[in-house]
Amino acid sequence: MSSSTVEPILPPPDRTTPEPQPREAHLARPHHHHPPAGRRPGNRLASLVGLAAGLVDAHALALLRATVGIVFVGFGVLKLFPSASPAEQLAVDAATKMTLGLVPETVLLLSLAALETAIGIGLIVGRRLLRPALVAFFLHMGGVFSTLVLLPDAMWQPHSPAPTMEGQYVVKNVVLVAVCLVVAANEWARHPRPRRRTAG
């Protein structure tokens, strides 16, 4: 009589459970700590720049008006004090030539001070004062640039087409002219004058 040994049947291994990884592989895995997208310094800086650009774009014309207005008020007030403005004598000499010497220098200086201050206030305040201030500005700039012709010895270096320091002081006003051209174009485009109806 023969005896047989029956081996126990083991269940198949469960393949759903993950095999444990070696400790060395776990330690070698790099750890990256990324801040949330909303907290990244680059995104925050870009948001601030975009906000500033939006504010400047929305108030660009008001900013241009106020900047030129402050410059004019400052230069106008300086002319009220003797020898406070570096362009005082230059402005008086040019105005004296324009008026053929018929107006005293003190009156000319006070008139220029009042004109520049009024132009600056009109540009800053805007509204109904803006158009008269712009007209006065361009007329005043015509007088300012005429000094390049009326006072050639003071405006240009001898034997050279380069302007003197006083000439550069005058030429730089092209920036103010360009700014006010932009402001004037926008103002007249927004509120054009109504056309008069012709009879007939």
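Let's start with a lysine. K79 is buried, at a relative accessible area of 5%. Keep in mind that this is a predicted model. Where does K79 sit? In the loop between α3 and α4. Its contacts, leaving aside neighbours within four places in sequence, are S85, A91, L109, L112, A113 and E116.

Next, a glutamate. E88 is found in helix α4. E88 is buried too, yet has no salt bridge. How far away is the nearest side chain of opposite charge? That side chain is K79, and the distance is 8.0 Å. A salt bridge needs a side-chain nitrogen within 4 Å of a carboxyl oxygen. What does E88 touch, once neighbours within four places in sequence are set aside? F81, P82, S83 and L109. L109 is also on the contact list of K79.

Now the core. The largest nonpolar core has 22 residues. Inside it, the residues with the most contacts are V68, F72, L123, L134 and F137. The largest share comes from α6, with seven residues.

Beyond its neighbours within four places in sequence, V68 is in contact with L123, L176, V179 and C180. L176, V179 and C180 are buried residues of α9.

On to α6 itself. This helix runs over residues 130-150, 21 residues in total. At 1.5 Å a residue, α6 should span 30 Å, and its end C-alpha atoms are 30 Å apart, so the two agree. Its buried residues include L130, L134, F137, H140, M141 and V144. R131, S146 and T147 are buried in α6 as well. What do the buried residues of α6 pack against? The partners are α3 (60-78), α4 (88-98), α5 (105-125), α7 (152-155), α8 (165-171) and α9 (174-190).

Last helix: α9. It has 17 residues. From first C-alpha to last it reaches 24 Å, close to the 24 Å expected at 1.5 Å a residue. Its buried residues are L176, V177, V179, C180, V183, A184 and E187.

K79 is buried, E88 is buried, and 8.0 Å separates their side chains.

Terms used
Residues numbered from 1 in each chain as written. Predicted model: local features only at pLDDT ≥ 70, side-chain atom pairs only at ≥ 80, totals over all residues. Heavy atoms only, no water. Helix = DSSP H or I, 4+ residues; strand = E, 2+ residues; numbered from the N terminus. Expected span 1.5 Å × (residues − 1). Buried < 20%, exposed > 50% of the residue type's maximum accessible area, 1.4 Å probe, protein only. Contact = heavy atoms within 4.5 Å. Core = buried A, V, L, I, M, F, W, Y, C linked by side-chain atoms within 4.5 Å. Lys, Arg positive; Asp, Glu negative; His and termini not counted.
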